[in-house]
Amino acid sequence: TEDRPLNFIEKIIEDDLANHRLPNDTVVTRFPPEPNGYLHIGHIKSICLNFGLAEKYHGRCHLRLDDTNPAKEDMEYINSIKEDIHWLGFDWGKHEYYASDYYDQLFEIAVRLIKEGKAYVDSLSAEEMKEYRGTLTEPGKNSPDRDRPIEENLRLFMEMKEGKYPEGAYTLRAKIDMASPNINMRDPALYRIKYATHPRTGDKWCIYPMYDFTHPISDAIENITHSICTLEFEDHRPAYDWATSIDGIEHTPHQYEFARLNINYLLMSKRKLLYLVNNNFVTGWDDPRMPTISGVRRRGYSPESMKDFVARVGVAKVEGVVDYSLMEFCVREDLNKRAERLMAVLDPLEIEIDNYPDGKVEYFTAENNVEDPNSGTHEIAFSKHLYIEREDFMEVPVKGYHRLYPGNEIRLKYAYYITAQSIEKDENGNVIKVHCTYDPESRGGDTPDKRKVKGTSHWVCRDICTVAEVRQYDKLFKSECPGAETGNYLDDLNPDSLVVIPKAYIEKEAENAKVGSYFQFIRNGYYCVDSKDSKPGKMVFNRTCTLKDSWAK
Ligand code: ATP
Ligand code: MG
Ligand code: MG
């Protein structure tokens, strides 16, 4: 990614640096999540951008918890946000800030604005305020309270703070311009009354500052140079610039907007994700089907693959929808390089090798990862009783079928050639066992006479193996744009997004699998150990993704 062209924000930064426009020639960015939910894949783009710029230009990136909406915020969310950023490999050092830490300063600034006649206490209801605000084509009207005397504004604002009035009774508004072509400049609200216990300030406050007031001033207090946000804030920029130019604010940060990340098949709105969690459509924020960072981590995506993905998407000023398959492509590329290969049989059919000695066990050595010569090896047990995948046997083969069928010889990967001799069926006519013979001279995968076999199957020793639960995850939604057709995204939930295999047979080595390691079950897909439900002796593996894109058009 180092030789890619500069994105538009990097160009701005390099120009600012070249012209010494930044205090101490230092780039300072911030990642400002609102702790009202878990971070999602869209946030990865913002995290990589903000922390990535700080790294690239040897500046710093602050973690700012934008906690100005006490009703929706929670410590659980704050902790998850920190864990997720660390997982991506970024660190804010000592620069952990909370918008709520600035409540005193914001309050003082508000008082100063009132004293200077630049803010007033308004008694219009939310509804009336909306009506007075006007529209894109019509200027707004002044509130009857707009010319309230300064002394009265001060008294009312203090009383608001003291809890004398119910929610909605009054609002503090900036006195800017009700005829501004930009609606966000028509006397924006600065403070509202809210009786809610804040996770950090408790019940100290019953008035809370609004986002458009808090965010720019927090940026100014922290000496942020480049305040990067998504495009929907573009027409808030005049309000941002108004706030940072209030008398007495010494540092002037600048806001820049980029296109948010949208991915088809995924919902990335904390509000909708919270709904899925609260109504048990998923098992939690970290359900492996959730597009949250904790969800994809539990699903087995690597942080490197997610960073590669957002780097490929790039930073632009035009919104678009990125293909889910690009994300999975990045996951597969990365896991192919690092995943340890194991053999697992998910849909077992028993094999008995009639001419193999009873009770004998021998071991074959397998490379952990054929893509990585330094990955080491492990041993795989082999005996008379094995499992292969049911789909690797056909009693009556279709044309072109090269795997096991009566009379046909195949290779068992790493081990021997076997030939199917006879079949055992249950009372319903289902094949329950295939009797085979093996060629002792084919040990390791070929024979002295160099005869060819067309099919190779993976297998697992019936008696020396790991029996585990395997969770076959797929997309949570079955349509590219959930809800587009009926207006309700719940209509597009994929009923097959999770298929549980209670007993899968995996080679013994799987017992050593750790949470956070990556595996490929040969021919079946990429897998990881479930971080919540897997226990020694009762392991649970999650399918990260299939080996190929089965949804490709
Ligand atoms: P949501 O609508 O999902 O609640 P949000 O924008 O309200 O998202 P914040 O917690 O305020 O969530 O976001 C923190 C930062 O991440 C903001 O700077 C925001 O612009 C950015 N961000 C949020 N969603 C995306 C996205 N899909 N792509 C890129 N950046 C995003
Ligand atoms: Mg937000
Ligand atoms: Mg939000």
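Which of the 14 residues around ligand 1 come nearest? I looked this up in a predicted model. The nearest are P33, G42, S46, R260 and K270.

**Entry: the shell around ligand 1**

I checked which elements build the shell. Helix α2 (41-56) and strand β8 (226-230) each supply at least two residues. α2 gives the most, with four residues. By type, I find five nonpolar, five polar and four charged residues in the shell. Next I looked at the domains. Domain 1 (8-258) and domain 2 (267-342 + 466-553) both contribute residues to the shell, so ligand 1 lies between them.

**Entry: the UniProt positions**

I turned to the record. An unreviewed UniProt entry places the feature "binding site" at D66 and Y211.

I located D66 in the loop between β2 (60-65) and α3 (75-87). Is D66 buried or exposed? D66 is buried, because 21 other C-beta atoms lie within 10 Å and the cut-off for buried is 20 or more. Leaving aside neighbours within four places in sequence, I list its contacts as P32, P33, E34, A99 and H215. P33 is also among the residues that come nearest to ligand 1.

Y211 lies in helix α7. Y211 is partly exposed, with 17 other C-beta atoms within 10 Å.

**Entry: helix α8**

I went through α8 (residues 237-244) for burial. A239, Y240, A243 and T244 are buried. Seen down the helix axis, these buried residues fall within an arc of 130°, so they line one face of α8. They pack against α7 (211-221) and β9 (254-258).

Note on methods. Residues are numbered from 1 along each chain as its sequence is written. Chains are lettered from A and ligands numbered from 1 in the order in which they are written. This is a predicted model: local features need pLDDT of at least 70, side-chain atom pairs count only at pLDDT 80 or more; totals for chains, interfaces and linings use all residues. A residue is near a molecule or strand if its C-beta atom, placed from the backbone, lies within 6 Å of it. Ala, Val, Leu, Ile, Met, Phe, Trp, Tyr, Cys and Pro count as nonpolar, Asp, Glu, Lys and Arg as charged, and the others, Gly among them, as polar. Domain bounds come from an automatic or database domain assignment. A residue is buried if 20 or more other C-beta atoms lie within 10 Å of its own, exposed if 12 or fewer, and partly exposed in between; C-beta atoms are placed from the backbone. The arc is that of the directions from the helix axis to the C-beta atoms. Two residues are in contact if their C-beta atoms, placed from the backbone, lie within 7 Å. UniProt positions are given in the numbering used here, feature names are shortened, and annotations may be inferred rather than shown by experiment.
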